[in-house]
Amino acid sequence: MSKMTKKKVHVRKGKKIKKIINQKKAVSKPRIGIHSITGCAGCQLSIYFIEDVLLDLLDKINLVAAPMIKEQNEEEGYDVLFVEGSVSSQEDLDNLLKWREKTKALVALGACACHGGMQSMKHLMNEKEVESAAYAKFPSDPRVKPITSVPLHKYVKVDFYIPGCPPDKQEIIQVLKHFLQGRRLRVYDKAVCHECSLKENYCLLDQGIECLGPLINGGCRALCPSFNHPCTGCRGLLDDANLESGKQVLKDKGFDVDLIIKRMTKYNSLQFKEFEEKTNINNKK
Amino acid sequence: MGKVLDKKRLKEFLGKVSKGKELIAPVKRGTLRFEIININYFDDICLEGRPLFSIKKFFSPAKHDLLKLNLADKKKPFEEEKTRFKPRVIFGARLCDFNGLLRLDKLFNSKEYQDDYYKAARENTLLIGINCVPAPSKYCFCESMGLEKYYDLMLHDMGNKYYIEAGSPKGEALIMTLEDYDFVMPEIKCDKKLFRKDLTQYYDNPAWNSENDKCLSCGKCTSHCTTCLCFDVMDELEVDLKKGKRFKEWDSCQFLNFTLVAGGAIFRKDRLSRFKHRIYHKLQYFREKFGMDMCTGCGRCIEACPRLIDFTEVINKFR
Amino acid sequence: MMSLNLEPFRITRKEQMTGDIYLFRAEKAKAGKSKNKEKLSYQPGQFYQLNVPGLGEAPISVCSYADDYIEFNIRALGDVTDELIKLNVGDNLWVRGPYGTHYPMIDLHGKSLIIIGGGTGVAPLRGVIKYVEKYRAEFDRVHLLFGFKSPEEMLFKKDMELWNRIFDLRTTVDKAGADYKGKIGLITKLVDESGLDSKNKAVIICGPPVMIKFTIQSLEKMGFSHEQIYISHERRMKCGVGMCGHCMISGVYVCKDGPVFRYDQIKNLHE
């Protein structure tokens, strides 16, 4: 290398260091918030349950809002906001819309936020009946204005999803790590059956148990089936779930169609409904 | 001509053969699996039926570290994982399992490229099989697949004794001291047949559709397959974001995003193309390239499938 | 593992092409104080796996032809490439390769070349053109037909000035403002209107799958046979050595049997 170019490189290196120092000054720890709408708050708890590495991670972030564990909470300027629960009332919606404005990235945390969760079963029922069953005996609180429960992405842009009921601890850690690395986040997109057979579990379907593994997004490391509990679908249907065939699997095992649909819609009524509508349209074609 | 071993002496024989080595055998705990066991638990070994999971995990593990990462070390952020390997004896696997290895060899231990772990595992594993008479599953169809007699030792159950044949010099040395026995190893007979044929002209045949409609794209067929070897490679850091590892994990061509490229294009988006890709890779493409089918007729993909999708029936329909 | 030895290269030049596309030049990082640069042997069309520890690898085609350095044209399109474009001169770049087939340049000696590129697909073609620059006498006329989305997204503007002088260079953009003086329209239009015949020619195409498909249709109409056409496929190449299965099209491993194919040999493959 000639003298000239050597010098050039040196100058560039100097520039580089300056740039990094400037960046260090400019980039402080990312401001993270955790908020909640209608749900059980269990998702938020699973963040706090990552005890073993929570402190290491807290060291790298600035937790500016987490009403469950903090008294002083900031209302704006979030870099990443985790929201658990589904939009089930006007108040939820108002909050969600407000938060979306105040954050750079929004993460839907848990089954309710990602797919609607159990409270979204109204999609497959008569809404008036459900409401009168729930509220008939009690004078309705005028502040509660129930709306048909939907996942966050029906109203706002969601940047990332961490499904699960509750979300997997390791996955929460992974998402935070990937976020800190500046990595594009990707939802695990292989069937529960995949992770289950990597573990060489004794297939629950083969044992005559009504497992939804072949239809559901994994990423949970097949937690439930590994403990002989059938998958109930808390991580949502696969993007290309074959519902018709999935129903047939269970029918072949002798299960009642009603039970099968109840199982499939436990967390994912809305997704189920959308899949069915899509199939109907395709069949008509 | 081979040798004979009294069944009562099998434990002693296996003990001797596996001395200083890991013994791998089918064990029934809930379901039948190949596991590393101590010879003292010899009685746990179960030779009835063939495990639904193949032996490939001992050669290409489901999840396997490739590199250690250390981002703090700018000069050497990557360090190869050393392959440490204790010699092994696999006992009680079947001819289909061993033939599966011959297929895996073509890609993981070719002249051009070798997977270090796979190579070490192949060189340090003794293969002792059990003859499939009678066939262990109604889904077996290896009789149609023209398998090679590939093993170090093959045992045939004769009631109170085993007839043993060696398939390699290594195997021969192990049974030298046993008593000679005049017998012919019976051939495997399967209920299910596959009429193998050139599939080129059948690609667009509508017969694939009915089976494809059943397909859930759950990937069980590929993870249970004796010869499926596709994998994904990923990096994962620890919480300090400095140390980490690069690892590989089994993947499946049946998943929607298997062919996803940066930018978002997916090349096998519809289920049918993925379904046929698996079958054609097994029974057409691999043969064109390596002169053998990438299927050993173990029937695991059929048995593991939640819908018991049977590609042999589709192919047998083609005349 | 898998004889996938990573080698450190050192970045010696970095140039911004467009917003998120950079051209990098890298040399083999020297062991010890040896002054001799280690000779590289790669061919236009081949690719390297470029590494970012902690994120992974990305397959990137070479876009140069030289003994002592490689150039990569990198577009930030994923985790790895996002990070790669942040590298600077003097940084280490960990690579393995070269992998895959290359354009059969020697077989094409004596022929006239038509080189057609779309967008970042022009990058691997730059390697071909660099080869032609070096062995100009071996080839008859050389036609370059390039299409970009907009004037802003044009790559290798400096090279283009030279190419415009020594080759028959024609460019087009899909869209442009009113003040743009060049040609506007799809690359297929450029091909259709080129008036080129198929006599003693070889065509090399690189670009998005749709562009390749329609360009070939245009060429067919102009009398070109599939044996004259070479294309380069993009797939998800994870291992690069024909093991992982991600890049398979029928029985073909794009990483090992490709990425460069003569069109007649792969046109009938099923995805």
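Author: In this predicted model, 25 Å separate the C-alpha centres of domain 1 of chain A and domain 2 of chain A. Domain 1 of chain A covers 31-181 and domain 2 covers 192-284, the bounds coming from an automatic or database domain assignment. Their contact takes 17 residues from domain 1 of chain A and 14 residues from domain 2 of chain A; two residues are in contact if their C-beta atoms, placed from the backbone, lie within 7 Å. On the side of domain 1 of chain A that touches domain 2 of chain A, helix H5 (residues 110-115) of chain A gives the most, with three residues. Helices (H or I, at least four residues) and strands (E, at least two) are DSSP runs, numbered from the N terminus. That side of domain 1 of chain A has nine nonpolar, six polar and two charged residues. Here Ala, Val, Leu, Ile, Met, Phe, Trp, Tyr, Cys and Pro count as nonpolar, Asp, Glu, Lys and Arg as charged, and the others, Gly among them, as polar.

Some conventions apply throughout. Residues are numbered from 1 along each chain as its sequence is written, while chains are lettered from A and ligands numbered from 1 in the order in which they are written. Local features need pLDDT of at least 70 and side-chain atom pairs count only at pLDDT 80 or more, whereas totals for chains, interfaces and linings use all residues.

The predictor's confidence in each residue, from 0 to 100, is the pLDDT. Chain A has a mean pLDDT of 85, and 87% of its residues reach 70 or more. Over residues 1-26 of chain A, pLDDT stays under 50, and the model has eight contacts beyond four places in sequence for that stretch. Chain C averages a pLDDT of 90, with 96% of the residues scoring at least 70. For the complex, the predictor gives an ipTM of 0.91 and a pTM of 0.88.

Chain C is also assigned two parts, domain 1 (7-99) and domain 2 (106-232). Their centres, taken over C-alpha atoms, are separated by 25 Å. The contact takes 12 residues from domain 1 of chain C and 13 residues from domain 2 of chain C. Strand S1 (7-18) and strand S5 (70-75) of chain C are the elements that give two or more residues to the side of domain 1 of chain C that touches domain 2 of chain C. The residues of that side comprise six nonpolar, five polar and one charged.

Chain B touches both of the other chains. Its contact with chain A takes 27 residues from chain B and 27 residues from chain A. Strand S3 (31-37), helix H5 (207-214) and helix H6 (220-224) of chain B are the elements that give two or more residues to the side of chain B that touches chain A, and H6(B) gives the most, with three residues. By class, this side of chain B has 12 nonpolar, eight polar and seven charged residues.

Towards chain C, 41 residues of chain B are in contact with 28 residues of chain C. Among the elements of chain B that each supply at least two residues of this side are strand S4 (63-70), helix H2 (95-108) and helix H7 (271-290). H7(B) provides the largest share, seven residues. The residues of the side of chain B that touches chain C divide into 25 nonpolar, six polar and 10 charged.

Chain B itself has nine helices and 12 strands. Its radius of gyration is 21 Å, close to the 20 Å that the globule rule gives for 319 residues, so chain B is as compact as a globular protein of that length; the radius is taken over C-alpha atoms, and the rule is 2.2 Å times the number of residues to the power 0.38. Buried residues make up 45% of the 319 residues in chain B. A residue is buried if 20 or more other C-beta atoms lie within 10 Å of its own, exposed if 12 or fewer, and partly exposed in between, with C-beta atoms placed from the backbone.

One buried residue of chain B is B:Leu127, with 23 other C-beta atoms within 10 Å. B:Leu127 has its place in strand S7 (residues 125-130) of chain B. Not counting residues up to four places away in sequence, B:Leu127 touches B:Ile90, B:Ala93, B:Phe98, B:Tyr151 and B:Asp152.

Finally, the largest nonpolar core has 179 residues, and those with the most contacts inside it are B:Cys142, C:Leu50, C:Ile115, C:Val203 and C:Ile204. Such a core is a set of buried Ala, Val, Leu, Ile, Met, Phe, Trp, Tyr and Cys residues joined through C-beta atoms within 7 Å. Apart from this core lies another, of 35 residues, among them A:Val64, A:Ala65, A:Tyr161 and A:Val175.
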